[in-house]
Amino acid sequence: MAARIIDGKAIAAEIRAGIKDKIALLRANNGPVPGLAVILVGEDPASQTYVRNKERACQAVGMHSEVYRLPRDTNQGKLLELIDELNGRSDIHGILVQLPVPEQIETAAIINAIRPEKDVDGFHPVNVGRLMVGEPAMIPCTPQGIMALLDHSGVELTGKKAVVVGRSNIVGKPVALLLLQRHATVTICHSRTKDLAGHTRQADVLVVATGRPGTITGEMVKEGAVVIDVGVNRVEGGLVGDVAFDEVANKAAAITPVPGGVGPMTITMLLQNTLQAATGVW
Ligand code: NDP
């Protein structure tokens with residue numbers, strides 16, 4: 001079977017067009033113009049690219065954005081002061097600190113300082129807790145993007161067996177909770193899981209987020225499964241995911257490519273969270 005390719009680029013473009021329309025409507029009605037503040041500490045090249053992409057995406061949908069580029073040796077107090085100021089501004093609805101931060105800064109202290117309703121990354125413990133108990137929350141962008149891909153592709157989740165490979169706080173755990181909320185029966189696997197293939201072969205929906213190319217091969221996938229490859233790995237010759245694409249595509253019913261699958265959805269969901277923060281709809 002040749003899998004249907006889940007086109008993250010096209011789905012992201014469609015959602016961004018909807019966000020753009022909503023912002024135009026807010027502007028026309030003198031409503032709040034969603035505003036996102038992004039803070040980057042240091043000059044890490046990958047982080048600089050991510051921040052530039054976020055800035056461009058905001059501009060493309062008519063959102064207000066501010067980028068604060070702070071020197072690498074910025075101390076925690078200075079960063080907390082800036083977050084405090086942004087927390088108090090009524091024209092800034094979303095605050096994001098690009099991770100990782102340099103070692104003199106404690107990541108948890110920074111995440112905890114952002115007001116939960118402005119925490120558009122969904123990393124604040126209040127939002128994590130709300131997600132856990134099923135209350136309206138800021139949902140982390142990549143897991144939310146994965147769910148949007150599944151929904152836009154018409155994948156039914158109720159009663160399905162979902163297997164998530166990876167248990168990070170930003171991808172694996174939250175996506176498992178979201179799948180559970182949608183009535184899938186969820187298994188979370190990780191590096192200490194015994195007989196990984198025994199689990200993955202049972203999956204109707206398989207989400208892979210390990211950061212290891214080739215984690216999932218063709219023989220580890222059930223015929224007709226839906227496979228979401230979250231991995232982004234730079235190898236000689238370009239970017240690859242965590243799934244051996246060609247052999248898995250021969251067995252799966254649908255699969256996300258890398259690049260062009262989950263990747264474009266992450267910033268799209270950041271825009272959506274910022275819009276949600278501006279309109280107060282939690
Ligand atoms: P982490 O490194 O935080 O977590 C990786 C997880 O995978 C861990 O839970 C680890 O297990 C597990 N793991 C590692 N190797 C194996 C293995 N061989 N078998 C089973 N489980 C394994 O990564 P992230 O969750 O942050 O990211 C995962 C991937 O997704 C990366 O490639 C990252 O670049 C990509 N990513 C892509 C995004 C996008 O927008 N497209 C956004 C975020 C991430 P253990 O806990 O036991 O160590």
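**Pockets of the predicted model**

Two helices, α5 (125-133) and α7 (172-181), each supply at least two residues of the lining of the second largest pocket. This is a predicted model, where local features need pLDDT of at least 70, side-chain atom pairs count only at pLDDT 80 or more, and totals for chains, interfaces and linings use all residues. Residues are numbered from 1 along each chain as its sequence is written, and side-chain values use heavy atoms, leaving out hydrogens and water.

**How the terms work**
- A pocket is an open set of points on a 1 Å grid over the protein atoms alone, where a 1.4 Å probe fits, with protein on both sides within 12 Å along at least five of seven lines; lining residues have an atom within 4 Å of a point.
- Points are joined across faces, edges and corners, and a volume is the space filled by probe spheres set on them.
- Helices (H or I, at least four residues) are DSSP runs, numbered from the N terminus.

**Second largest pocket**
- Its volume is about 220 Å³.
- Among the residues lining the second largest pocket are Phe123, Leu131, Asn169 and Lys173.
- With three residues, α7 gives the most to this lining.

**Largest pocket**
- Here the volume is about 1,300 Å³.
- Of its 45 lining residues, Tyr50, Thr142, Val232, Gly263 and Thr266 are the closest to the centre.
- The largest share of this lining, eight residues, comes from α2.
- Domain 1 (30-115) and domain 2 (140-263) both contribute lining residues, so the largest pocket lies between them; the bounds come from an automatic or database domain assignment.
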